[in-house]
Amino acid sequence: MERLLERALAMPQAVAENPFGPESICVRIGPHGPIFASFMPDRNWVSFRCEMQQGQVWRAAFPGTVRRGYHCPPVQQPYNNTVTLDGTVLDEILHAMLLHSYERAKRGMTKAARKALGLE
């Protein structure tokens, strides 16, 4: 988890905060931008944004380990994955999930917001 959190914080304009209390670490793009990774150290989980089809691919490849976003309302669950960090998912795939989530969050920002952060 520490290595994945370090990778998340190395993304351009990544900022960590604890908006839901000390039990979770959320990494967002800029101080007010979208969250792209939510770490739950006490549960050994991380949640990522994902395209619905890509999320289904990862859930099918790692049943039980990768599942719909646990924290989301049902309508948003297909667009988020929660991953148990138990060694089942290789580091390279976790990194791919992180990159996918970051890019999806960045695409969801307005052009002006991306430009203000130097992401355009």
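Student: Okay, which residue in strand 3 does V27 stand opposite?

Tutor: V27 faces A37 there. Keep in mind that this is a predicted model.

Student: And what does C26 stand opposite in strand 3?

Tutor: That would be S38. Both pairs belong to the antiparallel pairing of strand 2 (residues 25-29) with strand 3, which runs over four bridges.

Student: How many residues sit between the strands in that hairpin?

Tutor: Five, and G30 in this hairpin takes a positive phi near 75°.

Student: Is strand 3 mostly covered or mostly open?

Tutor: Mostly covered: six of the six residues in strand 3 (residues 35-40) are buried.

Student: Zooming out, what order do the strands take in the sheet?

Tutor: The order is 1-2-3-4-6-5, an open sheet of six strands with antiparallel pairing. At the edges are strand 1 (14-17) and strand 5 (66-68), each pairing on one side only. On average, neighbouring strands in the sheet are turned by 20° against each other, ignoring direction.

Student: Which helix packs on the sheet, then?

Tutor: Helix 3 (residues 91-107) does, and it touches strand 2, strand 3, strand 4, strand 5 and strand 6 (80-84). The direction of helix 3 makes about 45° with that of strand 4.

Student: How far does helix 3 reach from its first C-alpha to its last?

Tutor: It reaches 24 Å over 17 residues, close to the 24 Å expected at 1.5 Å a residue.

Student: And which residues of helix 3 are buried?

Tutor: L94, M97, L98, H100, S101, Y102, A105 and K106 are.

Student: Changing topic: where is R59 found?

Tutor: In helix 2 (residues 52-61).

Student: What's the nearest side chain of opposite charge to R59?

Tutor: E51, but that is 11 Å away. A salt bridge needs the charged atoms within 4 Å, so R59 has none, although R59 is buried.

Student: So what is R59 in contact with, leaving aside its neighbours within four places in sequence?

Tutor: M52, V66, R67, R68, Q77, P78, N80 and N81.

Key:
Residues numbered from 1 in each chain as written. Predicted model: local features only at pLDDT ≥ 70, side-chain atom pairs only at ≥ 80, totals over all residues. Heavy atoms only, no water. Buried < 20%, exposed > 50% of the residue type's maximum accessible area, 1.4 Å probe, protein only. Helix = DSSP H or I, 4+ residues; strand = E, 2+ residues; numbered from the N terminus. Pairing = 2+ DSSP bridges. Axes fitted to C-alpha atoms, helices over the stretch in contact; angles between N-to-C directions. Contact = heavy atoms within 4.5 Å. Expected span 1.5 Å × (residues − 1). Lys, Arg positive; Asp, Glu negative; His and termini not counted.
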